[in-house]
Amino acid sequence: MRSSRLTIAISFALTLGLTACTQKTTTSTGEAGKRDVVAVRPVEAPAEPGVAGADKKAEAPRAEEARRQLADGRADHEKDAGVVVETAEPMSVAAPAASTPPPAPALSKPVPAAKVVQPQYSGLFRHRSSRTAAGAAPSSPAYSQPANTERYQDHADNPLQITADNPVSTFSIDVDTGSYTNVRRMLTANQLPPADAVRAEEFLNYFDYGYAPPTTRDTPFSVTTEFAAAPWNAQRKLLLVGIKGYELPASDLPPSNLVFLIDTSGSMNSPDKLPLLVDAFKQMVPQLRAQDRVSIVVYAGSAGLVLAPTPGDQHRRIIDSLDSLSAGGSTNGGAGIALAYATAKQNFMKGGVNRVVLATDGDFNVGTTDDEALKTLVAREREHGVALTTLGFGAGNYNEQLAEQLADIGNGNHAYIDTLAEARKVLVAEAGGTLFTIAKDVKIQVEFNPAAVAEYRLIGYENRQLRREDFNNDKVDAGEIGAGHDVTALYELTLVGDGGAQVDPLRYGGGNKPANSVGAEEIAFVKLRYKQPNEDTSRLIERPLRKSELQPNASERLRFASAVAAFADSLRGGTHLGAFDLDRIAALARNARGNDGEGHRAEFVQLVDAARRLKGGESKPQIAVVE
């Protein structure tokens, strides 16, 4: 019996060693036969031996003892079961050890806890395997995820404000679009999204509203306002504030120092994750120029530099490096971010674009896993001039909350990529806006006139609210606008005397009503603050909004924007819409499609129809997503 147990243990140990030695492979690519990249592949531990049939019960004690004898050895082996990366040249940046992430102080402001939702998506999703109680490594590169663990920030709609009590609204702009495309993915899969996955401002900002751009770079963006009746209640009005960034020609873009930070953990082993990610980045490669520099950092169980800084016109070398990637291991995102920032800073381009582009599907579960420490690291590197853009991929364990917040803190933007068409939109058609910042720390403040406006409500931007005094404080961080970016904000207003107020007046009065020297003709005073990318002192734009600007009929732009806002509200419960249902939202959008060259508005109508069928329990046809 003792001899049998020893034989099993020796057999296991030999198999472990053989596997570790044979799974490290090399891929040769590059110009003139140079070896640029070696394969990025997890080293997996062998499977546990099983005993079938009648002998299983008898062999179980021996197998269990063999597992105990190998526990210590396997724990040591796991330290090496990460990503193996080699380069032709010594790495110029040392990869931080997964077990010793860089220290980071905690943020001073607490962030609300994340809400974990588990909608039942059809099918199984790949997912990084959890460790067993004994600490054993996964026995197979396949990762199954029977339950959905996607994470979205819990947020309530902005409350209705009584103008006499609180006449000033202040918020930071947001150019993210990830919520819309992520919800599109769910509706395409015949699933209604959880309410917290819906951010109204990211729905609005997905679309181009045709705002006139500024004529010169001296003022980096134009401001457009519109004012008309709300389609869901004629007694209320909608105020649109639109911003259009200066459209910088591709030839005028400054040189870029880009670090692609790519999640290659086991959960990325799914067609909508790493394969789509690789194809997405490959769409961007032909746009890169000789003056640009591209690096590729990957992270799984550990982090590594796959492609050292390379001139952007070496397209084949960059593509070969992308094609060499494979998925496996756990997710040491903290080490990956630290290495990516170190690479970006080492190759910093003064006066150019310095940006880390993080592409991932979900959580960081090894190394620096604390969200606050990651946010502090990103905030610190932002001060060194390196921005962060985050791109989400896949389903099942998508951590939208963290990806969106890291991009906000990192002076970047967040997008979710569900198709190659979306990759072209984000990384090719809108590359200037995605990568090049034309104005930073952009804030909006609207003061409503109590003599003219009884109530107001900002639609969306719940996690972008600022205090009134923050508007004039240049030390307070706010959002960035990229070249050509659109930003849209909507307020719902009730004018004094229109009879649409939702809150009863106080019997005994109340509220401090300041002296009003402008009368009821002026509805609001709109102010924007921004900084030029290379400046630390803000500039101010301001203009009044008068009642005479009220349009008898909403423009096509405002009608479509109101349909998008109403759709977001409906998906979150429809508490602000009254009887304005999805049928009416679809009709409103259908009649405001206008010039829809890319088909985005037509696709929006399809999504509204799909949500209507899902809510009504009708059949669930697949949506034809525009490719």
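How many of the ten residues of helix α9 (residues 400-409) are buried? Ten of its ten residues are buried, so that the helix is mostly covered, where buried means under 20% relative accessible area, exposed means over 50%, and partly exposed lies in between (1.4 Å probe, protein chains only). The buried residues of α9 include Glu400, Leu402, Gln405 and Ile409, and the helix is followed by asparagine 411, whose phi is positive, near 55 degrees.

This is a predicted model, in which local features need pLDDT of at least 70 and side-chain atom pairs count only at pLDDT 80 or more, while totals for chains, interfaces and linings use all residues. Residues are numbered from 1 along each chain as its sequence is written, and side-chain values use heavy atoms, with hydrogens and water left out. Helices (H or I, at least four residues) and strands (E, at least two) are DSSP runs, numbered from the N terminus.

**Two helices in contact**

Helix α13 (residues 582-590) and helix α14 (residues 600-616) pack with their axes 9 Å apart and at an angle of about 170 degrees; the axes are lines fitted to C-alpha atoms, for helices over the stretch in contact, and angles run from 0 to 180 degrees between N-to-C directions. The two helices, α13 and α14, are therefore roughly antiparallel to each other, a term used for angles over 145 degrees, whereas angles under 35 count as roughly parallel, 65 to 115 as roughly perpendicular and the rest as oblique. Among the residues that make the contact are Leu582, Ile585 and Arg590 of α13 and Phe604, Val608 and Asp609 of α14, contact meaning heavy atoms within 4.5 Å. The residues of this contact divide into eight nonpolar, no polar and five charged; Ala, Val, Leu, Ile, Met, Phe, Trp, Tyr, Cys and Pro count as nonpolar, Asp, Glu, Lys and Arg as charged, and the others, Gly among them, as polar.

**Salt bridges**

The structure holds 34 salt bridges, each being a side-chain nitrogen of Lys or Arg within 4 Å of a carboxyl oxygen of Asp or Glu. The table lists some of them.

| arginine 557 | glutamate 226 | 2.6 Å |

The salt bridge of arginine 557 with glutamate 226 links distant parts of the chain, since arginine 557 lies in helix α12 (residues 556-571) and glutamate 226 in strand β7 (residues 221-230), 331 residues apart. Glutamate 226 is buried, with a relative accessible area of 6%.

Arginine 590 is partly exposed, with a relative accessible area of 38%, whereas aspartate 609 is buried at 18%. Elsewhere, salt bridges that share partners join Arg184, Asp418, Glu422 and Glu603 into one network.

**A strand residue and a loop residue**

Aspartate 263 is found in strand β9 (residues 256-263) and counts as buried at 0% relative accessibility. Its side chain makes a polar contact with the side chain of threonine 360 (2.8 Å); a polar contact is a pair of N or O atoms within 3.5 Å, and within protein one must be able to donate a hydrogen and the other to accept it, while residues adjacent in sequence count only if both atoms are side-chain atoms.

Asparagine 534, in the loop between β19 (522-531) and β20 (539-546), is exposed, with a relative accessible area of 68%. Asparagine 534 and glycine 385 are 149 residues apart in sequence and 9.7 Å apart in space, C-alpha to C-alpha.
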